[in-house]
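Could you look through the notes with the structure open beside you?

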Amino acid sequence: MPIPSLDKIGASDPVPDASEVVVVGGGIAGVTAALFLAEAGVQVSLFEKGQIAAEQSSRNWGWVRQMGRDAAEVPLAIESLALWRGIDRHFSIDTGFRETGITYVCRTPREIKEFSSWAETAAKSGVPTQIIEGSALARLLPGIHGSYRMALHTANDGRAEPGQAVPAMARAARRLGARIVENCAVRGIETSAGRVSSVVTERGTVRTSQVVLAGGVWSRLFLGNVGVDFPQLRILGTAARVDGVEGVPDMPVGGGDLAFRRRLDGGYTVALRNANVAPITPDSFRLFFDFLPTLVRSWRELKLRVGGQFVTELRMPRSWSLDQTTPFEEIRVLDPVPHEPFNRQSLIRLRQAFAAFETARITHSWAGMIDATPDAIPVIGAVEAVPGLFLSAGYSGHGFGIGPGGGRLMSEIVRGVTPCVDPTPFRLSRFGRAKLVVAGAAA
């Protein structure tokens, strides 16, 4: 069975003739950008080609963490966690957020070295992370197998419900005046005097001077049609829901090859941590040298696979006129097939770590496409080559947890106000090929 549940937001709003800001994409990046823009009094319209949060934003693990983030991402993770803590009360919604803490357990010398190193990053950043060893580990995680020698614990991290949270945020944005239009693809943008002047949707043209592209894995294709080369690849992440488990912690727990999170429906979301499929596609060759350092560094975590997706993307048009049907209309919801060996292995690893998982059985199995950048850090900022166009994408599997902070930062960049965190690490121009595009546009 596919993902266990995804809330609906109600009837779609009509397409407006004009909007101060248009957001393209109804995942957490786009929805939170629209939410904070609407809260600031900006007239904003969000367009989603399918259903709100139907792709990776409802297919992720539901972890909300600071722990383990890249140092450049930590300030945004801290900001996001602060927003998660208050978002339900502030907007009168229920995202399912719980501040449970999160723990990473270590068994091998390599894992111990990795997490001990991150503890130093936490200390510098003010993240309340502790190294747990010996009897303290047994008290924190009752029933854990004795082969686990150390853990890293962050008490103020937490969890939320992906299929519930993003639709709730979208409904809140709508109450604040945002238009939310589902099943309506944006085909592209039009410019006048060198800057954005409108978007063209499958149902007509909408005048606007500012567009936020938050298209997840579709962002590279969309940008390519306006001449912007965004280095982004798709990674397949697989997860499952299990039930029949009692007596394990409420907090999310991860290790070198295991991960679980308690769900509000009584089950657990489980996954094989550090295991993803990297489909070989035409973009794998176009972006080979951009991603080569990541492949060398993370080869243990990726399973390269040649399959039908190569042919699908080879046949997919990379450019089109705005009166043509686009790939965004051909594929309303990207629903990839899960890699079931990962789910079976995840249960084996969990049973080895916690006896409570001996009785676990899989009730649902699903996959989602993660949009990855070469440095695994998102782009949140202006597309300099196209004035009036902004990008919030490439969250590399971190989007659910840091989504609220990313949405707030994006709204502040669009409005030209002081940002909540330094946006410099998230600039598109940090990528060499993006700099070449900008230079070419300016010539």
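The points below go from the domains to the sheets and then to the helices.

1. A word on the basis before we start. This is a predicted model, where local features need pLDDT of at least 70 and side-chain atom pairs count only at pLDDT 80 or more, while totals for chains, interfaces and linings use all residues. Residues are numbered from 1 along each chain as its sequence is written, and side-chain values use heavy atoms, with hydrogens and water left out.

2. Domains. The chain divides into domain 1 (21-101 + 156-431) and domain 2 (102-155), with bounds that come from an automatic or database domain assignment. Their C-alpha centres are 27 Å apart. To the contact (heavy atoms within 4.5 Å), domain 1 gives 32 residues and domain 2 gives 26 residues. About 2200 Å² is buried between domain 1 and domain 2, 61% of it from carbon and sulfur atoms; buried area here is the accessible area (1.4 Å probe) that two parts lose on being put together, summed over both.

3. The six-stranded sheet. An open sheet of 6 strands runs in the order β8-β2-β1-β12-β21-β20, and its pairing is mixed. Because β8 (179-181) and β20 are at the edges with a single partner strand each, one side of each is left without a neighbour in the sheet. From one strand to the next the twist averages 15°. For the terms: strands (E, at least two residues) and helices (H or I, at least four) are DSSP runs numbered from the N terminus, and two strands pair if DSSP finds at least two bridges between them.

4. Around β21. Strand β12 (residues 210-213) pairs with β21 in the parallel sense over 3 bridges, and V212 is opposite F390 in β21. Strand β20 (residues 379-382) pairs with β21 (residues 389-393) in the antiparallel sense over 4 bridges; here I380 has S392 as its bridge partner. β20 and β21 make a hairpin with 6 residues between them, and G388 in the turn has a positive phi of about 100°.

5. The three-stranded sheet. Here 3 strands form an open, antiparallel sheet in the order β9-β10-β11. β9 (186-192) and β11 (204-207) each have a single partner strand, so one side of each is left without a neighbour in the sheet. Neighbouring strands are turned by 30° against each other on average, direction ignored. β9 pairs with β10 (residues 195-201) over 6 bridges, and V186 is opposite T201 in β10.

6. Helices on the sheet. Helix α1 (residues 28-39) lies across β1 (21-24), β2 (44-47) and β21, at about 165° to β2. Helix α12 lies across β1, β12, β20 and β21, at about 10° to β20. Axes are lines fitted to C-alpha atoms, for helices over the stretch in contact, and angles run from 0 to 180 degrees between N-to-C directions.

7. Where α2 meets α12. The axes of α2 (residues 74-91) and α12 (residues 399-415) come within 7 Å and cross at roughly 95°. That makes α2 roughly perpendicular to α12, a label for angles of 65 to 115 degrees. The contact includes L83 and W84 from α2, and F400 and R408 from α12.

Note on methods
Angles under 35 degrees count as roughly parallel, over 145 as roughly antiparallel, 65 to 115 as roughly perpendicular and the rest as oblique.
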